[in-house]
Amino acid sequence: MCGRYSFAASKEKVKAQFDQVEVGDNLTINFNIAPTQAAYVISNDKPGQLQEMHWGLVPHWSKDGKKSGRMINARAETVATKPSFRTPFKKRRCLVLADSFYEWKREDQQKIPYRIFPHNEELLVMAGIWDHWTDGQNELYTFSILTTAPNEEMASVHDRMPVVLYDAVQYQQWLDPAELNDLNPLMETPPNGILKMYPVSTEVNSVRNNGPHLHQQFLPPPTLFDMD
């Protein structure tokens with residue numbers, strides 16, 4: 001599962017990875033992106049533009065279009081068959097841009113948050129699907145992040161992880177595959193060794209907390225044995 005992530009990147013960093021994409025001058029930085037909040041994606045219908053959509057897919061057939069934030073993730077194994085996801089998977093895919101995501105690991109009686117990011121410190125690009133809801137007067141663009149079985153480094157933290165796309169060829173294949181079957185290899189567990197991680201403060205648990213301090217590595221206070 002991916003339930004929280006961050007986007008703290010400059011226009012220059014986005015352009016370095018996506019040189020053909022139009023990027024605004026004033027990007028919104030968010031160190032604690034939560035469900036229902038707006039975040040940046042590159043969609044298959046506008047691949048040359050960085051857009052904002054709300055996290056938590058609202059199907060186009062929803063009666064009221066309410067952003068419940070319940071469908072933030074779509075399992076790669078069932079995305080092609082679930083009623084809420086199958087049409088977006090076939091027709092509306094996107095790249096979800098981040099610099100890292102957070103996951104919680106149970107240690108003793110606590111759940112410790114970890115910041116997880118690409119080993120090369122480039123942007124983290126996650127496979128997503130999106131949908132468009134409208135009642136004729138109002139409209140809403142929303143997305144979900146695909147998840148898959150964990151690779152070696154993630155398995156120690158959680159039994160799921162985002163589907164990570166890690167080069168320009170995969171970005172293009174996800175947005176515009178020659179055949180839908182070409183998407184299946186992209187949704188498999190990513191290779192080992194592409195991610196790094198470290199524990200961060202439990203302040204990230206609350207969406208009210210935001211700022212660069214959430215990216216700082218958390219060092220537990222020394223014990224009596226450490227001070228000897």
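A salt bridge here is a side-chain nitrogen of Lys or Arg within 4 Å of a carboxyl oxygen of Asp or Glu. I kept that cut-off at hand while going through this predicted model.

**Entry 1: salt bridges.** I found 5 salt bridges in the structure. I began with Arg115 and Asp99, whose side chains meet at 3.0 Å, N to O. Arg115 sits in strand β8 (residues 110–118) and Asp99 in the loop between β6 (93–98) and β7 (100–107), so this pair ties together parts 16 residues apart in sequence. Buried or exposed? Arg115 is buried, at 11% relative accessible area, and Asp99 counts as buried too, at 6%.

Next I looked up Glu77, which forms a salt bridge with Arg160, with 2.9 Å between the closest N and O atoms. Glu77 is in the loop between β5 (73–75) and α2 (86–91), while Arg160 is in the loop between α3 (152–155) and β11 (161–162), 83 residues apart. Glu77 counts as partly exposed at 48% relative accessibility, whereas Arg160 counts as buried at 8%.

**Entry 2: the core.** I then turned to the largest nonpolar core, which has 56 residues; Tyr5, Leu95, Phe143 and Trp174 touch the most other members. Strand β9 (residues 124–134) contributes the most to this core, with 6 residues. I followed Leu95 and noted its contacts, among them Phe18, Tyr40, Met126 and Trp174.

**Entry 3: strands.** Tyr40 came up again: its bridge partner in β4 is Glu52. Strands β3 (residues 38–43) and β4 (residues 51–55) run antiparallel, joined by 4 bridges. I also saw β4 pair with β10 (residues 139–148) in the parallel sense over 2 bridges, with His54 opposite Thr142 in β10.

Conventions: Residues are numbered from 1 along each chain as its sequence is written. This is a predicted model: local features need pLDDT of at least 70, side-chain atom pairs count only at pLDDT 80 or more; totals for chains, interfaces and linings use all residues. Side-chain values use heavy atoms; hydrogens and water are left out. Two strands pair if DSSP finds at least two bridges between them. A nonpolar core is a set of buried Ala, Val, Leu, Ile, Met, Phe, Trp, Tyr and Cys residues joined through side-chain atoms within 4.5 Å. Buried means under 20% relative accessible area, exposed over 50%, partly exposed in between (1.4 Å probe, protein chains only). Contact means heavy atoms within 4.5 Å. Lists of a residue's contacts leave out its neighbours within four places in sequence.
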